[in-house]
Each structure stands twice: as C-alpha cells, then as structure tokens.
Amino acid sequence: MEERIEKYLRDERGVRSEVVRRRLCEKVMRYDDIAGEFGRWLDIRSYEEGGVEVDGYRAQDIYEMAPMLDGIGVFNFLVTLRDDPEEGEKMIEEGFRVR
C-alpha cells in the first residue's frame, strides 16, 4: 500500500519531496480503517457511501465542504479529526483556511 501511495503522490500529485511524501503517507496509514478506505479510493477515485465516519464526518462530507482537497487531503483530514477533534472542527468552522 505504501508504494501505491508514494506513486500517487509523486506521479499524480507532483509531490517532489521524499520527506513530504513519506509524512503524508505515514499520516494516512496511521489508522487501518482510514488507510483501507483511501486504498479503495485510489482504485475507484470516488468516495464510498457509508465509509469511515470520524467525529460525524465521512470522506464525502469533507470533500463536499472542501473540494480543493484532493484524495490524500480528504483522508488525512479524517486523521486530523480523529487525532485532534477540536482542531479539526476549528478548521471546518474557518472554512479550511490555510493558516
């Protein structure tokens, strides 16, 4: 799975830095359920109905609120919500503004 994510980040998203690719990959793989759903997203490029729910949000919900996020961004945001729900909610309230 890690190789598939690295390839996606390098070839499709244009992430040139190996360090950044590794950090993004490690984050999305932190939780098996989120990593598994991201792996399925890589295969079909659509968000699953009834997928992983974190703090009341699913990947499709995140994408609808923040369409500027790509697949890795959506799933890594689910990790953020799980790791730090208060920070995740704050980011949602602020409209996913870059700080």
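Glu12 is partly exposed in this predicted model, with a relative accessible area of 45%. Its side chain meets that of Arg45 in a salt bridge, with 2.6 Å from N to O. Because Glu12 belongs to helix α1 and Arg45 to the loop between α3 and α4, this pair ties together parts that are 33 residues apart in sequence. Arg45 also counts as partly exposed, at 38% relative accessibility.

A search of the whole structure finds eleven salt bridges. Another of them joins Asp43 to Arg4, whose closest N and O atoms are 2.6 Å apart. Here the partners lie in helix α3 and helix α1 respectively, so the bridge ties together parts that are 39 residues apart in sequence. Asp43 is exposed, with a relative accessible area of 57%, whereas Arg4 is partly exposed, at 35%. Arg58 and Glu53 form a salt bridge as well, with their closest N and O atoms 2.9 Å apart. Lys7, Arg10 and Asp11 are linked in a network of such bridges.

The aromatic residues come next. A pair of aromatic rings is described by the distance of the centres and the angle of the planes. The whole structure contains eight aromatic pairs. Tyr8 lies in helix α1 (residues 2-12) and Trp41 in helix α3 (residues 32-44), so the pair ties together parts that are 33 residues apart in sequence. Tyr8 is buried because its relative accessible area, 4%, is under 20%. Trp41 is buried too, with a value of 9%. Both residues belong to one aromatic cluster, together with Phe38, Tyr47, Tyr63 and Phe75. A charged side chain also meets a ring: Arg82 lies over the face of Tyr31, at 4.8 Å from the ring centre.

The largest nonpolar core holds 26 residues, and those that touch the most other members are Ile5, Ile34, Phe38, Ile62, Phe75, Leu78 and Leu81. Two or more residues come from each of α1, α2 (18-28), α3, α4 (59-65) and α5. Helix α5 gives the largest share, seven residues. Leaving aside neighbours within four places in sequence, Leu78 is in contact with Ile34, Val54, Tyr57, Arg58, Ala59 and Ile62.

Finally, Asn76 lies in helix α5 (residues 71-83). Asn76 is buried, with a relative accessible area of 5%. Apart from residues up to four places away in sequence, Asn76 touches Leu24, Lys27 and Val28.

Methods: Residues numbered from 1 in each chain as written. Predicted model: local features only at pLDDT ≥ 70, side-chain atom pairs only at ≥ 80, totals over all residues. Heavy atoms only, no water. Helix = DSSP H or I, 4+ residues; strand = E, 2+ residues; numbered from the N terminus. Buried < 20%, exposed > 50% of the residue type's maximum accessible area, 1.4 Å probe, protein only. Contact = heavy atoms within 4.5 Å. Phe/Tyr/Trp six-rings, centres within 6.5 Å; stacked < 30°, edge-to-face > 60°. Lys NZ or Arg CZ within 6 Å of the ring centre and 35° of its normal. Core = buried A, V, L, I, M, F, W, Y, C linked by side-chain atoms within 4.5 Å. Salt bridge = Lys/Arg side-chain N within 4 Å of Asp/Glu carboxyl O.
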